[in-house]
Amino acid sequence: MPFSHTALERTGANSFAYRTGDLRGDVLAPSYFNPAKAVGLKPMDIIVATCAVGQGAPEVPTMLVTATDPSVTVEEVGSSLRGASLCPLPAGLGWDASLYPISRVGYRDVAGVRRGFVHGYSPWSAAEYQACRNGDQIYMALTGSDSSGAGISGSPYATITKAITVANANNRPATIWVPGNTYQRNANGGWIGGTAPTVPICLMAYNGNVQMGSIDNYTWTANGTYTNVSQTARSNAAAVYDPSQRDRFGNAVMYREVSSLARCAVIPGSMYTDNVNVYVNPFGSNTISNANARIFLKTDTWALNYGSNPQHFFMDVADENSSWDLMGCRVRILATAYGAAPKTIALRRVASRYGGFSISDYWNAFGVDNWWGLAWFEECYGARAAIDSFNLHNTLSTKPLYAVTLNCSGRDPGVFGDVSNGSNNHLTLHENVIGIDVGGDYEYAQGGTVRNIGTTRLLAHGSRFAADRGDLHLPVGVGTLQPTEVCTADSAQIYLSECDLEASGPMGYAINAQAPGGVFLRNMPAVRGRVSGNVGTW
C-alpha cells in the first residue's frame with residue numbers, strides 16, 4: 001500500500017517523519033513494510049527516520065527510510081511532491097510561517113480522485129499532538145462503566161465526559177480511545193459538553209465508525225386517532241430523519257415538519273411535534289421504528305467552551321477503517337479569552353450532519369470562535385446544517401486565527417433557511433481569520449458557497465465550488481444574494497488557484513467581489529458563471 005502526502009514529511013535536511021498505518025496516494029515503486037516486523041509500533045505512530053537523498057531536486061529524492069526500530073524498513077522511490085500541482089502562498093495572504101511553516105500547497109489527481117496536501121507543516125507531527133499520543137491513554141466503550149471502570153482497555157469508562165474528567169484530574173495530556181460503535185446520548189454518553197478539557201486532549205476513533213450526537217432509542221406506538229401516524233414521547237425535538245433512505249448526496253432524508261397532527265396524518269413523510277410527543281407519518285407503507293425515524297434534538301451535544309483556558313484539542317483516527325460521524329449536533333469549539341500562547345484545534349475524518357433547528361440559535365456543522373492559533377480540518381464533511389458547513393469566527397480579533405481545510409467537503413447547508421435565515425455557506429471566514437483550503441469540494445449551498453467578510457484572507461487551491469442556490473428564494477427580508485460560488489464583502493480577499501467554479505444557471509455568479517475587497521486568480525480554468533466586481537490576478 002502506498003504513502004499518503006502527509007505520511008512522509010521532511011523534518012530536516014535528511015530526516016523525515018513517517019506515520020505507520022497512514023498509507024495513501026501513489027508512488028513510483030512499492031513502499032510497504034512487513035507489519036510482522038513492526039515490533040512495538042501501533043497504527044499512526046510517528047517514527048523519525050533518515051533518508052539518503054539521491055539525484056535530482058530535494059523535493060524528489062530517492063530514499064531508503066529506516067525506522068528507529070531497526071527491524072522495520074520502508075522503501076520509497078519519489079516523494080509526495082512528484083507529479084503534483086503546486087501553489088505557493090501569496091504574499092498578501094498574511095500567513096505566519098514562523099508559527100505554522102507552510103511553504104506551499106498542492107494536489108494530485110489519482111484515479112479520478114483529487115487529494116490535496118500541505119507542505120512544510122502538519123499538526124499530526126507537531127509536539128502538541130505527540131504530547132497527547134505519548135501521554136495518558138484512557139479508554140471508553142459501549143460496554144464500559146463510569147462508576148466501576150478503570151479507563152483501561154480491559155475496563156473502560158462508558159463516556160467521553162468521564163474520560164475528560166479523569167484527564168483533567170491527572171493534569172497531563174491524554175489520548176482518549178473510542179472504539180467504533182453507535183453511542184446513545186442518554187445511555188452511553190454519545191456527546192461532549194459542559195466538561196471542557198483543562199489539558200491537551202486527543203479523541204481517537206479506532207476499529208470502525210464512531211456515531212455520536214443527539215441519538216436515542218425510542219418506543220414507537222400507533223396514534224389513537226390517526227392510525228397511520230406513529231408517536232413517541234420526546235420534547236425538544238429539532239428534526240426527524242430516515243436513515244434507511246438517502247438523498248443524492250448520501251445523507252439521510254428528513255421528514256417534513258408540518259403545523260399540526262391532522263396535517264401530519266394526511267402527508268406521508270411528515271412529522272409534527274407538540275413538544276410533548278413526536279408524531280411521524282412514514283414514507284410509503286413502512287412501519288415506524290428507530291431504523292427509519294431518528295429524532296435529533298435542540299440540545300447542544302458536541303460543544304466545547306474553553307472559557308478563558310483554551311487547550312490543544314485533537315480528533316483523529318487510528319486506522320483507515322475508522323471515522324467520526326456526529327449527527328444531530330454541531331462541532332463548536334470556542335473560548336471567551338485567548339490563552340497565553342497559540343493553541344491548535346485539529347480534526348481528521350470527522351463528519352458533522354443534521355445539526356440545528358428553525359427557531360433560534362442556528363447551528364453550523366463546524367464552528368470556531370475566539371481562538372488564537374490554528375484550526376485544522378482534514379477530510380471533514382459538513383452536511384445539512386441549519387446554517388454553514390465551516391464557519392470560522394474570531395470575534396475578539398486582537399490575535400490571529402489561522403485555518404486550514406484540507407480535502408474537506410460540504411453539501412446542502414441551510415436546511416431550515418426557508419423559515420428565517422439566509423447566507424447559508426459552505427466556507428465562511430469572519431473578522432480577521434486567515435484560511436487555506438486545498439482539494440475542497442463544496443456543493444448546493446444557499447447564500448454563497450464561499451462568502452467571506454471583514455479583513456479575512458483565503459487561499460483556495462484545487463478546490464471545487466458548485467451549484468449555490470442563492471438565498472433570494474427565501475422569505476422577504478431574509479435573502480440578499482443571487483446564486484454565487486465565491487463572494488467577498490468589506491475588505492476580505494480571496495486568492496483562487498486552479499479551482500473549479502460551477503455556478504447555477506445563466507444568472508448565477510461564479511465570482512462576486514465587492515470593493516474594497518477582491519478576488520484574485522491564478523492558473524484558473526474557464527469559470528462557469530458571471531464574474532463581477534473587483535477581480536484581478538496574482
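Visitor: In this predicted model, with which side chain does the side chain of Thr449 make a polar contact?
Guide: Thr449 is placed in the loop between β34 (441-443) and β35. Its contacts, leaving aside residues up to four places away in sequence, include Asn425, Tyr442, Asp468 and Glu485. One of these residues takes part in a side-chain polar contact of 2.7 Å with Thr449, namely Glu485.

Visitor: Is Thr449 buried or exposed?
Guide: A residue counts as buried when its relative accessible area is under 20%. The relative accessibility of Thr449 is 0%, so Thr449 counts as buried.

Visitor: What distance separates the C-alpha atoms of Thr449 and Phe465?
Guide: Phe465 is among the residues that Thr449 touches. The two are 16 residues apart along the chain, and their C-alpha atoms are separated by 6.3 Å.

Visitor: Which backbone oxygen does the side chain of Arg451 reach?
Guide: Arg451 lies in strand β35 (residues 450-452). Its side chain is joined to that of Ser423 by a polar contact of 3.3 Å. At 3.0 Å, the side chain of Arg451 also reaches a backbone oxygen, that of Gly447.

Visitor: Does Arg451 count as buried or exposed?
Guide: Arg451 touches residues that include Asn425, Leu427, Asp471 and Cys487. The limit for a buried residue is under 20% relative accessible area. Arg451 has 18% relative accessibility and therefore counts as buried.

Visitor: Which residues of strand β19 point the other way from Arg294 and Phe296?
Guide: In a regular strand the side chains alternate between the two faces of the sheet. Strand β19 covers residues 294-297, all of them buried, and Arg294 and Phe296 point one way. Pointing the other way are Ile295 and Leu297.

Visitor: Which residue in β19 is the bridge partner of Ala237?
Guide: Strand β14 (residues 237-246) pairs with β19 in the antiparallel sense, over 4 bridges. For Ala237, the bridge partner in β19 is Leu297.

Visitor: Which residue in β8 is the bridge partner of Val110?
Guide: Strand β7 (residues 104-110) and β8 pair over 7 bridges in the antiparallel sense. In β8, Val110 has as its bridge partner Val113.

Visitor: Which residues touch the most other members of the largest nonpolar core?
Guide: The largest nonpolar core has 65 residues.

Visitor: How many residues form the second, separate core?
Guide: Among its members are Trp95, Trp177, Leu374 and Val404. The count for this second core is 31 residues.

Visitor: What is omega for the cis peptide bond between Ala515 and Pro516?
Guide: Most residues other than glycine have a negative phi, and most peptide bonds are trans. Pro516 is found in the loop between β41 (509-513) and β42 (518-522). The bond joining Ala515 and Pro516 is cis, with omega of about 10°.

Visitor: What is the phi of Asn207?
Guide: Asn207 is placed in strand β11 (residues 201-213). At 59% relative accessibility, Asn207 counts as exposed. Although Asn207 is not a glycine, its phi is positive, at about 60°.

Visitor: What is the relative accessible area of Asn236?
Guide: Asn236 lies in the loop between β13 and β14, and its phi is positive, near 65°. Asn236 is partly exposed, with a relative accessible area of 27%.

Terms used. Residues are numbered from 1 along each chain as its sequence is written. This is a predicted model: local features need pLDDT of at least 70, side-chain atom pairs count only at pLDDT 80 or more; totals for chains, interfaces and linings use all residues. Side-chain values use heavy atoms; hydrogens and water are left out. Buried means under 20% relative accessible area, exposed over 50%, partly exposed in between (1.4 Å probe, protein chains only). Helices (H or I, at least four residues) and strands (E, at least two) are DSSP runs, numbered from the N terminus. Two strands pair if DSSP finds at least two bridges between them. A nonpolar core is a set of buried Ala, Val, Leu, Ile, Met, Phe, Trp, Tyr and Cys residues joined through side-chain atoms within 4.5 Å. A polar contact is a pair of N or O atoms within 3.5 Å; within protein, one must be able to donate a hydrogen and the other to accept it, and residues adjacent in sequence count only if both atoms are side-chain atoms. Contact means heavy atoms within 4.5 Å.
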